[in-house]
Amino acid sequence: MGGVAHLVFGILGDITGLLLFLAPTITFKRIIMNKSTEQFSGIPYVMTILNCLLSSWYGLPFVSPNNLLVSVINGTGAAIEAIYVLIFLVFAPKREKGKILALLTFVLSIFAAVAFISLFVLHGNNRKIFCGFAAAIFSIIMYGSPLSIMRLVIKTKSVEYMPFFLSLFVFLCGTSWFIFGLLGKDPFVAVPNGFGSFLGAIQLILYAIYRNNKGETAKKPNSDGSLEMGLGEPRVQANREKQPNAAQNGHM
């Protein structure tokens with residue numbers, strides 16, 4: 001029975017994680033149509049690639065058993081984020097392209113170092129612990145990135161910059177993987193996603209409190225309410241000078 005539940009919550013995690021990764025398509029549709037990245041930042045997408053690569057690596061059978069579904073969604077997420085970064089590079093100004101390419105090189109170097117060390121230096125449980133810590137740290141960073149938006153909601157008493165379905169998918173994704181980690185007795189999956197589930201629940205509570213104030217007390221800096229995926233997670237973003245970044249990923 002426990003094995004079936006473990007599989008079910010893993011599948012639910014993959015589904016909700018996919019919805020979370022696809023959220024920024026609204027932003028990139030705008031970028032393609034306008035042939036400009038405007039004031040959008042490409043940094044969240046590059047960092048999400050690192051998070052996805054580390055989590056996908058951790059889920060491989062020779063690193064940790066019974067976590068293949070973790071690899072499936074994060075491998076898919078890495079591919080989706082790579083497409084976002086490619087589109088961003090096509091339409092970004094020259095200076096921004098250089099910055100994103102440099103960061104991408106740094107991110108891929110980190111992943112390569114983790115993969116190399118885990119393959120040729122560490123073995124058995126030490127390999128799992130090393131890769132698990134690396135993946136968990138970046139998962140927590142990704143889930144924690146929307147704290148700026150939550151502060152903005154409390155300050156303005158408006159959910160203008162915090163779409164309901166985005167918060168809902170963060171909660172569902174984090175909860176699914178949290179339970180998956182608990183059932184699999186894997187703290188490297190359970191802990192970061194438990195943190196994500198908690199933050200997702202707080203966002204939903206804030207939405208319930210301030211839902212009737214949407215658009216009334218905060219100036220709307222962006223005409224289409226674009227969504228972005230940040231350190232792994234989707235975020236609301238328009239002009240960085242007017243609106244802070246927020247992210248949710250998700251995802252391990």
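Mentor: We begin with one term: a contact means heavy atoms within 4.5 Å. This is a predicted model, in which local features need pLDDT of at least 70 and side-chain atom pairs count only at pLDDT 80 or more, while totals for chains, interfaces and linings use all residues. Residues are numbered from 1 along each chain as its sequence is written, and side-chain values use heavy atoms, with hydrogens and water left out.

Trainee: Then which residues is L54 in contact with, leaving aside its neighbours within four places in sequence?

Mentor: With those neighbours set aside, L54 touches F111, V114, A134, A135 and F138.

Trainee: How many helices and strands does the protein have?

Mentor: There are nine helices and two strands. Both are DSSP runs numbered from the N terminus: helices are H or I with at least four residues, strands are E with at least two. Along the sequence the order is α-α-α-α-α-α-α-α-α-β-β.

Trainee: And how many of the residues are buried?

Mentor: Of the 252 residues, 52% are buried. Buried means under 20% relative accessible area, exposed means over 50%, and partly exposed lies in between, with a 1.4 Å probe and protein chains only.

Trainee: Which residues have the most contacts inside the largest nonpolar core?

Mentor: They are F28, V46, L54, Y58, V85 and W177, in a core of 46 residues. The elements giving two or more residues to this core are α1 (2–22), α2, α3, α4, α5 (94–120), α6, α8 and α9. Helix α3 provides the largest share, 10 residues. By nonpolar core I mean a set of buried Ala, Val, Leu, Ile, Met, Phe, Trp, Tyr and Cys residues joined through side-chain atoms within 4.5 Å.

Trainee: What lies apart from that core?

Mentor: Another core, of 10 residues, including M150, M162, L199 and L206. M150 belongs to helix α7 (residues 147–156) and counts as buried because its relative accessible area is 7%. Beyond its neighbours within four places in sequence, M150 is in contact with L199, I202, Q203 and L206. M150 and I202 are 52 residues apart in sequence, yet their C-alpha atoms are 8.6 Å apart.

Trainee: Turning to α2, which of its residues are buried?

Mentor: In α2 (residues 25–34), T27, F28, R30 and I31 are buried. Viewed down the helix axis they fall within an arc of 155°, so they line one face of α2. That arc is taken over the directions from the helix axis to the C-beta atoms. The face turned away from the buried side carries K29 and M33, which are exposed. Just after α2, K35 takes a positive phi of about 55°.

Trainee: What lies 2.9 Å from the backbone oxygen of A135?

Mentor: A polar atom of the S139 side chain. S139 is in helix α6 (residues 124–144) and is buried, because its relative accessibility is 0%. Likewise, the backbone oxygen of V70 lies 2.8 Å from a polar atom of the side chain of N74. N74 is in helix α4 and is buried at 0% relative accessibility. For a polar contact, a pair of N or O atoms must be within 3.5 Å; within protein, one must be able to donate a hydrogen and the other to accept it, and residues adjacent in sequence count only if both atoms are side-chain atoms.

Trainee: Which residues does UniProt list for "transmembrane region"?

Mentor: The unreviewed UniProt entry lists residues 6–28, 40–60, 72–93, 100–123, 129–149, 161–183 and 189–210. The positions follow the numbering used here, feature names are shortened, and annotations may be inferred rather than shown by experiment. In the model, residues 6–28 are 91% helix and 0% strand, with end C-alpha atoms 35 Å apart.
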